[in-house]
Amino acid sequence: MSEKPISIWREPAVRNYLFTGASALLVVMLAHMVRDAAIGGLLAVLVAVPGLVGRWSASPILFLLVSIFPILDPQGMLLIAPEYMGRGRDPVIPGLNTQTKNAFDITDLFLAAGMLCYLIAQYRLLSLMNRSFPPDRVPFHRPKADDESPKRPAKLVREDEIPFALALSSAFVLGGQIVWLLIWTFTGDDGNRSMFIGQTGAFVVVVWGLSVGLLISATVFGYLSMRNASHAEADMFLRDGVWQETYREQQRVHRWRIWNRARKGQ
Amino acid sequence: VLTGRGWSFLILSIMLLVCGILLLPQTAYFLGILGVTLLGWFFFEWMQFVIRVRIALPQLVVRRQICIENRTVAMVWAGRTFIVRIDIDAPHKIALPYLVLEDLIPAESKKHDGRNEHAIDLRPGDELTFEYQLECPAPGVLRFEGQRLQLADLQGFFYFRTFLRAPVEIPVLPPLIDADGLHRTDKRLNILPPPGVHRLRGPGSGSELLDLRDYRPGDPPKMIAWKPSARKDKLIVKEFETEVPVRCTLFIDTSHAVRLGPPGKNSLSELITIAAAVAQAAAANRDLVGLTMFDESGTQVIRPARGSRHLIDLLHRLAHAASLPAAGRSTNMLPLARLGLSLANEVYPDLMRNGVNKLPWRMFWRPLLDSARGWRVLLLMAMPLLTFWSVYRGLLATLAFETAPSRKWMPPMFLLYVILPFLIGLFFWGLYGIRGYLDTTAISRRKRLAAVVAQTLQLPFDAVARMQIDDEAMMTHLQQFLAKHHVPYPIALYDANGQYQFRSGEKVKILAAALANAVGRGRDNELYVLFADLLELDEELEPLMNAVRMAKGRHHQVLLVCPWLQHMPAPEKYKKRDASFIPRTEDELADYLREEEIERYLKAYEHVRHEFGRVGVTVLRVNQGDSVRLILDRMERLRNVGRVRR
């Protein structure tokens, strides 16, 4: 990869992603302010900015971690007055929305969309400026002296990429809300006769859904992989099957052959 | 493959979801919503990526063309640049937004211009082309393995590397030479014979007068020289020279000894470059050129002929000979295995993956009974059966009686003594078997590499199991695997007994037989050029000397061209060291040993020169002046003045 380092201010594609990420952060900040979590939101944005401007690869992860705090405790009361926690079943924290199954809250929609947009922009910027995939770790393969981190060239960014990403994030935000409602639809309260009850029930539903999704996808893609296998792969598959069935016996025979060769050599 | 970035994002998203649902449902429902949203997006990206890998990539078509001056060619010439053109046809329905494609360059070639690696965005139906310029400095065969593909998603969460194998071997013919430039330019004859026909000082039907002699009954009257007959007062007839072609047969040593070294820089390459130049110069003069390649196992003969097709055939054979790999019994598997693993991971990533090249957990268990001492443990475990023998039973009962703290403990103690050998054997059995799990990396790598080697070389089905335990088989097949892909590998010059592996008396016998055969088929004006490494073969030279004497006895010309190691100084430049010098330090000792090696080598060369000089054979070194000109000069001598009347 002999691509020269991209100047952040000269590549339109990079600039567009930078502005998208910055706008998304602004939305996140405003959403946090509406939720009375201005300080927490500001902290999250402060953590995110070095990632956008300075290619700090830990930024998105730290952004998510820092964002947990203003979501949990918008006004920081747990820090200021920790005695609020643990009193009664439902602690009453000022500014906290206590509706468990709440969905389609407009502030939440904007907050989720802003966070997802920022993450998409930030990760794509990192691919453009930092590294698009990890360097190969081929055993005993000595890397060349001029090996650079592989970056995605800015010229490959399509014109419709950012609009598509924005549309995608909106769709996933709405989809997330719907799935959240579905989870709680399948889960009944303590008094109901539902199969899955309460938090544990919701957790079981999620795990079950994820497992079934993964199982079906793995089966389909495994089948496609076998169907599209090359001649060499098919040959190798059969050879490996024979090896697995008989390798102990074969090795025993070959040990005798080695012994015989050694004896003749002496 | 999920990258570090992907893993961190996935774990954090799951954590958010679990927190949102399980731990803090009443206070932080938004965490759950966020977790579901992020996971949904991640899952969508994963699906997209897998579809690209599993469906779109197999539909990708990449073609390679080798072009010289905008024409597609099937061979190239050493020392000349050529263009490699890569055409890519995108899949029909699925886009590949970020793909890095690298055409692997053969190790023997040098890249001049252009790039062999491109990051591309392929939309359905796209057709892309890129070019780069290569040069191969030495004759041989270039092997283009295929294209390395790296696919990633736009966020850098997923990564997939594969290799589109499309091996192509392109012969690199020895460089074309200016034949006229290699010929002498001084004028020797007033009437030049037509090309390909040369004068021979023997009576024949040529145009040049050879001699006058007395008339013999039966001589045609038109041959009578009337003026000398009138002067001598008897019939004198004219004799003309004969006109015949010159035949040059090149004997090229392709044994393993001359193949040693990096491709294009070994002795064989030098020999072939000179032989090719001689063949081209002779062919340009319409002389007949033949070729005999020999090694330890046999010969390949091309009878002397002329014509451009014959010359191209010769050059093809020479190019293929130049790429022959050296093979010997390796004594160290580690360097071979490292090269093999690196190559397999690079070119066969699809065959190294777990789906087709499995590593079952049980394969690491070491079966005790397969070891030489396994029977002892088995005997130990069978010892409880001795309880049926009353003496042994009594012994155990006594032991239990002596060691039991009370009467009620006697039966359990007796039972313990009965099964104790079995338990000890079982312990050793487990201890022996579990040792395999301590070094799973080496075992896994060896199995995977063995499987790829067996598949690539199409070895029998038991080859994988054999290579897993048989080092010698593994090394032999690894050498074949590396040689097939033109990867130079280290070869031990000396075997386990300290003997030089590449000293071959057999090839001298084969060369002698080939030369005798060529002499038997030869006519007039034959030149035999032996390109052979005959140093340090003093005792085995006798058959060859006999063949050379036979050739000389029939008035043919013989030349010997010896390869010369690059790090050895020329004999005329070498200054002898002081005989009284005694090394005192390690550096001095190293210098001393090197001087010894040089002296031994020069002595061997002098010996060969002396031996062949005694029968009138000129011995040349490949790096001695202009070897090609010397050989062609010898051919000139054959044409014009070389022979006396028989």
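Colleague: Let's start with α15(B). What do the buried residues of this helix pack against?

Modeller: In this predicted model, they pack against several elements of chain B: the strands β13 (247-253), β14 (288-294), β15 (299-305) and β16 (526-531), together with the helices α4 (256-259) and α16 (542-553).

Colleague: And which residues of α15(B) are the buried ones?

Modeller: They are Lys507(B), Val508(B), Ile510(B), Leu511(B), Ala512(B), Ala514(B), Leu515(B), Ala518(B) and Val519(B).

Colleague: How do you know that the span of helix α15 (residues 506-521) of chain B agrees with its number of residues?

Modeller: Take 1.5 Å a residue, and the 16 residues should span 22 Å.

Colleague: α4 of chain B came up as a packing partner. What makes Arg259(B) count as buried?

Modeller: Arg259(B), which is found in helix α4 of chain B, has a relative accessible area of 8%. The label needs a value under 20%, so Arg259(B) qualifies as buried. Setting aside neighbours within four places in sequence, Arg259(B) is in contact with Thr254(B), Asn266(B), Leu268(B), Asp295(B), Leu324(B), Pro325(B) and Ala326(B).

Colleague: On to charged pairs. Why is the meeting of Arg123(B) and Asp121(B) called a salt bridge?

Modeller: Their side chains come to 4.0 Å, N to O. The rule asks for a side-chain nitrogen of Lys or Arg within 4 Å of a carboxyl oxygen of Asp or Glu, so the pair is counted. Asp121(B) is buried at 14% relative accessible area, whereas Arg123(B) is partly exposed at 38%.

Colleague: What makes Arg446(B) and Asp471(B) a salt bridge?

Modeller: The N to O distance between those side chains is 2.8 Å, and the limit is 4 Å. Arg446(B) belongs to helix α12 (residues 440-456) of chain B and Asp471(B) to helix α14 (residues 471-484) of chain B, so the pair ties together parts 25 residues apart in sequence. Arg446(B) is buried, with a relative accessible area of 19%, while Asp471(B) counts as partly exposed at 39%. In chain A, salt bridges with shared partners join Arg124(A), Arg152(A) and Glu161(A) into one network.

Colleague: How do you know that Arg148(B) and Glu102(B) link distant parts of the chain?

Modeller: The two side chains meet in a salt bridge at 3.3 Å, N to O. Arg148(B) sits in strand β9 (residues 140-152) of chain B and Glu102(B) in strand β5 (residues 96-103) of chain B, 46 residues apart. Both Arg148(B) and Glu102(B) are buried. Over all chains, the rule gives 31 salt bridges.

Colleague: How many of the salt bridges are between chain B and chain A?

Modeller: Six. One of them pairs Lys447(B) with Asp240(A), whose closest N and O atoms are 2.5 Å apart; the cut-off is 4 Å. On the side of chain B that touches chain A, helix α2 (residues 29-59) of chain B gives the most, with 22 residues. That side divides into 55 nonpolar, 18 polar and 24 charged residues.

Colleague: How much area do the two chains bury between them?

Modeller: About 8,700 Å², with 64% of it on carbon and sulfur atoms. The contact takes 97 residues from chain B and 89 residues from chain A.

Colleague: Last one, in chain A. Why is Ala218(A) called partly exposed?

Modeller: Ala218(A) has a relative accessible area of 45%. Buried means under 20% and exposed over 50%, so a value in between makes Ala218(A) partly exposed. Ala218(A) is found in helix α7 (residues 198-227) of chain A. For the chain as a whole, 42% of the 266 residues count as buried, and the secondary structure comes to eight helices and two strands.

Methods
Residues are numbered from 1 along each chain as its sequence is written. Chains are lettered from A and ligands numbered from 1 in the order in which they are written. This is a predicted model: local features need pLDDT of at least 70, side-chain atom pairs count only at pLDDT 80 or more; totals for chains, interfaces and linings use all residues. Side-chain values use heavy atoms; hydrogens and water are left out. Contact means heavy atoms within 4.5 Å. Buried area is the accessible area (1.4 Å probe) that two parts lose on being put together, summed over both. Helices (H or I, at least four residues) and strands (E, at least two) are DSSP runs, numbered from the N terminus. Ala, Val, Leu, Ile, Met, Phe, Trp, Tyr, Cys and Pro count as nonpolar, Asp, Glu, Lys and Arg as charged, and the others, Gly among them, as polar. The expected span of a helix is 1.5 Å times one less than its number of residues. Buried means under 20% relative accessible area, exposed over 50%, partly exposed in between (1.4 Å probe, protein chains only).
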